[in-house]
Each structure stands twice: as C-alpha cells, then as structure tokens.
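Welcome! Please take a look at the sequence and the structure below, and then we can walk through them together.

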Amino acid sequence: MVNPDPAGPPEESGRRLLQRRFTARLLPQLRLLVEECAAREGLCEPRRGEFVLAVDEIAGNAVEHAGGSGRLVLRRVGDELECRISDAGPGFSEAVIPELLPGLDGATKGRGLWLARLVADRFAVTAAAPGSVTTGAVVTLAVRLR
C-alpha cells in the first residue's frame, strides 16, 4: 500500500510531536509550538533558537512562494529533532540555495534557505511524492539533540 504522507508513517520516522497546516496568520503560533516542542525534547539554547528561526524561514517561504500555506510535521527521530515542511508550490531544488551568504555573491534572495541549511545537521529538499496529498517541495531539516 502506498502511504500518501510524504513524511512516511510515524513508526518508520520516529515519534510525531507536532503536525499543523499553516498560513501567514498562523506563523507566530507555529513558531511558539515548535519552540515548546524543542524545549520539551531537550534542545538547548542557542541551538533551539537557531532551529526555530530556520523552521520559521522555511515556513515563511512556503507561505510567500508556494501558494500561501504549508504543512509542518515535527518528529523526534533517534537523537534528532526533525522538521518537514511541505507545500503545494511549483517546487525547487537545493541548487537555488546560494553557497555564500546572500548579498556577498550578488544574490538578492535565498537568505532563509541558506540559513536553514547552515544551522541544520541534516537538510534536504525533495519533491513531494507522486500520489501524495501535497505537491511542490518538501524541506527536511534536523538538528541533533546531544
């Protein structure tokens, strides 16, 4: 049977901590929920602040560039805190993320993606799985808790 959730079933992907659909109006609440979950799972400062900022940047990109909404799934996977954000936009690849801090290399966009990739211990951009509930991109970022 094909699982329509691009994040996979919970038993294969760890313990689900938070799952939310979001729009621009819900971004402040989403930040607070992600921070609360990260704190509860033991992610300490300053890593917690960096992780929350990176998640916020990716969620903001989904709202701004991919149709005004998205879906966030936050999981505990082993010794990592993993966040997957999916959207229904046109999709993109990691190739659009600048190598240098945007502005230094002439790029005027991409700071949020650049920052997220920089602070994450694991980062990936994939297309939504064929037949899944969402279309567009799935951005996965994870940080180690230890």
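## The order of the elements

From the N terminus on, the elements of the chain follow the pattern α-β-α-α-β-β-α-β-β. In total there are four helices and five strands. Please keep in mind that this is a predicted model.

The chain has 146 residues, and 46% of them count as buried. Among contacts between residues at least 6 apart in sequence, 61% join residues at least 24 apart. The chain exposes about 7700 Å², with carbon and sulfur atoms supplying 55% of that area.

In soluble globular proteins, nonpolar side chains tend to be buried together. Here, the largest nonpolar core holds 36 residues, and those touching the most other members are Phe-22, Phe-51, Leu-72, Leu-74, Leu-81, Ile-85 and Leu-141. At least two residues of this core come from each of strand 1 (15-23), helix 2 (27-40), helix 3 (47-65), strand 2, strand 3 (80-86), helix 4 (111-119), strand 4 (122-127) and strand 5 (137-144). Helix 3 gives the largest share, eight residues.

What does Leu-74 contact, leaving aside its neighbours within four places in sequence? Its partners include Leu-17, Leu-18, Val-34, Phe-51 and Leu-81, and also Arg-15, Arg-16 and Glu-82.

## A closer look at helix 3

After helix 3 comes Gly-67, which has a positive phi, near 95°.

Buried residues of helix 3 include Phe-51, Val-52, Val-55, Ile-58 and Ala-59, together with the charged residues Arg-48 and Asp-56. What covers the buried residues of this helix? The cover includes strand 1, helix 2, strand 2, strand 3, helix 4 and strand 5.

## Salt bridges

How many salt bridges does the structure hold? There are 11. In one of them Arg-48 pairs with Glu-45, with the closest N and O atoms 3.4 Å apart. Arg-48 counts as buried because its relative accessibility is 17%, whereas Glu-45, at 45%, counts as partly exposed.

The side chains of Arg-122 and Glu-80 also meet in a salt bridge, at 2.6 Å from N to O. This pair links distant parts of the chain, as Arg-122 lies in strand 4 and Glu-80 in strand 3, 42 residues apart. Arg-122 is partly exposed, with a relative accessible area of 31%, while Glu-80 is buried at 13% relative accessibility. Another salt bridge joins Arg-84 to Glu-82, whose closest N and O atoms are 3.3 Å apart. Glu-82 has 4% relative accessibility, so this residue counts as buried. Finally, a network of salt bridges links Arg-47, Glu-50, Asp-121 and Arg-144.

Is Arg-76 buried or exposed? Buried means under 20% relative accessible area, and Arg-76 has 19% relative accessibility, so this residue counts as buried. Arg-76 sits in strand 2, which covers residues 69-77.

Which side chain does the side chain of Arg-76 meet in a polar contact? The partner is Glu-41, at 2.8 Å. The side chain of Arg-76 also reaches the backbone oxygen of Gly-78, at 2.9 Å.

Note on methods
Residues are numbered from 1 along each chain as its sequence is written. This is a predicted model: local features need pLDDT of at least 70, side-chain atom pairs count only at pLDDT 80 or more; totals for chains, interfaces and linings use all residues. Side-chain values use heavy atoms; hydrogens and water are left out. Buried means under 20% relative accessible area, exposed over 50%, partly exposed in between (1.4 Å probe, protein chains only). A polar contact is a pair of N or O atoms within 3.5 Å; within protein, one must be able to donate a hydrogen and the other to accept it, and residues adjacent in sequence count only if both atoms are side-chain atoms. A nonpolar core is a set of buried Ala, Val, Leu, Ile, Met, Phe, Trp, Tyr and Cys residues joined through side-chain atoms within 4.5 Å. Contact means heavy atoms within 4.5 Å. Accessible areas come from the Shrake-Rupley method with a 1.4 Å probe; for residues, only the protein chains shown count as cover. A salt bridge is a side-chain nitrogen of Lys or Arg within 4 Å of a carboxyl oxygen of Asp or Glu.
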